[in-house]
Amino acid sequence: MSGTLAKIAEIEAEMARTQKNKATAHHLGLLKARLAKLRRELITPKGGGGGGPGEGFDVAKTGDARIGFVGFPSVGKSTLLSNLAGVYSEVAAYEFTTLTTVPGVIRYKGAKIQLLDLPGIIEGAKDGKGRGRQVIAVARTCNLILIVLDVLKPLGHKKIIENELEGFGIRLNSKPPNIGFKKKDKGGINLTATCPQSELDVETVKSILAEYKIHNADVTLRSDATADDLIDVVEGNRVYIPCIYVLNKIDQISIEELDIIYKVPHCVPISAHHRWNFDDLLEKIWDYLKLVRIYTKPKGQLPDYTSPVVLPYSRTTVEDFCMKIHKNLIKEFKYALVWGLSVKHNPQKVGKDHTLEDEDVIQIVKK
């Protein structure tokens, strides 16, 4: 382990020394690729045993979405967690696993949302210190990350935490790079760019790929991409998670300062202690989770508006809905009747590929 850490420190030092310009772009790209490979070694332990990285200490995934909370010890993260869970909780006592405690599951707009404390991620976890690695495995499964900051010293903390999460292959509030990448058996490296590139040229792309021992591939750059973007695509294990910055302790600042904070993107100012602005926070959480609620209607009865079936926005077909209820349902499926925004007529007869929208009502007709 220490050997890897030393190598990482060495490369980081060399990168800091290297001036950024056209002439060094190629060299920096190489260093970044080396760094990414070393970091991956730290996060995914080598060795046999067959158990994948991060097995055996994960928290049972319950509910419709999972939110991870990250923050320095003194920022009021635990107060926020217990107050949120206290106000909106449906199960206060919850199973505690050795590593990650689940402060609770809250119910909001009919969805069950799991709140997770992610302890010990900060400072050095990405260098394999402590039990950071297990927590990272859990962090990567979150649908949303909340970074809790002290409003009096937010920026320093924000940078450190973002840095740590980036180091584990977690990308906050960003979309996967628009890069096509396909390995081949022969034919060398083929680079196509559909728009002008300010950082990547054939040489840089070739040397980054050579670092991964890839010598035959088609690469298509569909946006102005960086070396980091290309590395992310080659590594292929990056997760893209939305993130909200929660600025705590606003009872300690002036109204003028508060006005400025409100303009910062992805930010919600709160006071965990006084429970101020929780409604705003939950509203934003709901926004960022992009959940879709589907109400079920048994034949000849009114729709059940109390417990919707909640789907992630990326998987909202009728088939996804059926799978969430029971995998056998799709075998007996004949068609569905849908009322709501996704259809032109109410009700409308649809097949299993129909895409549902938030608050649609559905009735499944079996064979």
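**Group meeting: cores and cysteines**

Okay, let's start at Leu80: leaving aside residues up to four places away in sequence, Leu80 touches Phe69, Val148, Val246, Ile270, Ala272, Phe278 and Leu281, where a contact means heavy atoms within 4.5 Å. Quick caveats: this is a predicted model, so local features need pLDDT of at least 70 and side-chain atom pairs pLDDT 80 or more, while totals for chains, interfaces and linings use all residues. Numbering runs from 1 along each chain as its sequence is written, and side-chain values use heavy atoms, without hydrogens or water.

Back to Leu80. Together with Leu281, Leu80 has the most contacts inside the largest nonpolar core, which has 60 residues. By nonpolar core I mean buried Ala, Val, Leu, Ile, Met, Phe, Trp, Tyr and Cys residues joined through side-chain atoms within 4.5 Å; buried is under 20% relative accessible area, exposed over 50%, partly exposed in between, with a 1.4 Å probe and protein chains only. Helix H9, residues 278-289, gives this core its largest share, seven residues. Helices here are DSSP runs of H or I, at least four residues, and strands are E runs of at least two, numbered from the N terminus. Another core, of 18 residues, lies apart from that one, and its members include Ile179, Tyr212, Ala225 and Leu230.

Zooming out, we've got eleven helices and 17 strands, and 45% of the 367 residues are buried.

For Cys267, the nearest cysteine sulfur belongs to Cys243, 9.2 Å away. Cys267 is buried at 8% relative accessibility, and Cys322 is buried at 0%.

Note on methods:
A disulfide is a pair of cysteine sulfur atoms within 2.5 Å.
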